[in-house]
Amino acid sequence: MWIPSVMSCCCDGLNSLLIKGNERRGESQNPVALKQKEVKFGKSLALPLMAAIVALSPIGNSTPVSLGQTLDIQKGASLFSRTCIGCHDAGGNIIQPGATLFTKDLQRNGVDTEEEIYRITYFGKGRMPGFGENCTPRGQCTFGARLKDEEIKLLAQFVKSQADQGWPNIEISQE
């Protein structure tokens, strides 16, 4: 991390200034006193320096997202790319054009909450097969791999968040 190196740079510079200032005045150099002044100056500078860095950084100006949320989004994106993208690439629907994953179609079809998206992903609806472990009736469910409840929850969260954002381009990392 670069913050400690900035602090050490500032303190090293201060130490040089203190030594040179003392030499000019003919004062004896007490290394303990210099170290105490250096620490006090470093402590007094640390908080304002950190505040400035955060205020000026792009991180300080964006909506805070936890690491857990970021990982859930990536897991949801990965699941989506493995199980849904064949029919719903970029939120569309190649089988049934009126059943896209865009907000207007989700609302029109009564599927605009995470709970409804979860339900349809689990049990299926119309031409969409269900992916839940206990999906029935058999003809409505996928013949491929079934998803665990937690995976379907992640998918529902991912689809809802993408729909709310208009399905922006995202980078999907494979697990």
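Let's start with Val111, which sits in the loop between α5 (103-108) and α6. Helices here are DSSP runs of H or I with at least four residues, strands are runs of E with at least two, and both are numbered from the N terminus. Keep in mind that this is a predicted model, where local features need pLDDT of at least 70, side-chain atom pairs count only at pLDDT 80 or more, and totals for chains, interfaces and linings use all residues. Residues are numbered from 1 along each chain as its sequence is written, and side-chain values use heavy atoms, with hydrogens and water left out.

- Val111 has a relative accessible area of 9%, so it counts as buried (buried means under 20% relative accessible area, exposed over 50%, and partly exposed in between, with a 1.4 Å probe and protein chains only).
- Setting aside its neighbours within four places in sequence, Val111 touches Leu106, Glu116, Ile117 and Ile120 (contact means heavy atoms within 4.5 Å).
- Ala99 is twelve residues away from Val111 along the chain, and their C-alpha atoms are 9.8 Å apart.

**How α6 and α7 pack**

- Helix α6 (residues 114-123) packs against helix α7 (residues 149-164) at an angle of about 130 degrees, and their axes are 9 Å apart. Axes are lines fitted to C-alpha atoms, for helices over the stretch in contact, and the angles run from 0 to 180 degrees between N-to-C directions.
- That angle makes α6 oblique to α7 (under 35 degrees is roughly parallel, over 145 roughly antiparallel, 65 to 115 roughly perpendicular, and the rest oblique).
- On the α6 side, the contact is made by Glu114, Ile117, Tyr118, Thr121 and Tyr122. On the α7 side, the residues include Asp149, Ile152, Leu155, Ala156 and Val159.
- Sort the residues of this contact by type and you get seven nonpolar, two polar and four charged. Here Ala, Val, Leu, Ile, Met, Phe, Trp, Tyr, Cys and Pro count as nonpolar, Asp, Glu, Lys and Arg as charged, and the others, Gly among them, as polar.

**The cysteines**

- Search the whole structure and you find one disulfide (a pair of cysteine sulfur atoms within 2.5 Å).
- The disulfide joins Cys135 to Cys141, with 1.9 Å from S to S.
- The link of Cys135 and Cys141 is left-handed, with -85 degrees about the S-S bond.
- Cys135 and Cys141 are both buried.
- Cys84 is buried, at 11% relative accessibility, while Cys87 is partly exposed, with a relative accessible area of 32%.

- The peptide bond from Thr136 to Pro137 is cis, with omega near -5 degrees. Pro137 is in the loop between β2 (128-129) and α7.
- Ala90 isn't a glycine, yet it has a positive phi of about 55 degrees. You'll find Ala90 in the loop between α4 (85-88) and α5, and at 48% relative accessibility it counts as partly exposed.
- Trp167 is another residue other than glycine with a positive phi, near 55 degrees. Trp167 lies in the segment after α7 and counts as buried, at 10% relative accessibility.
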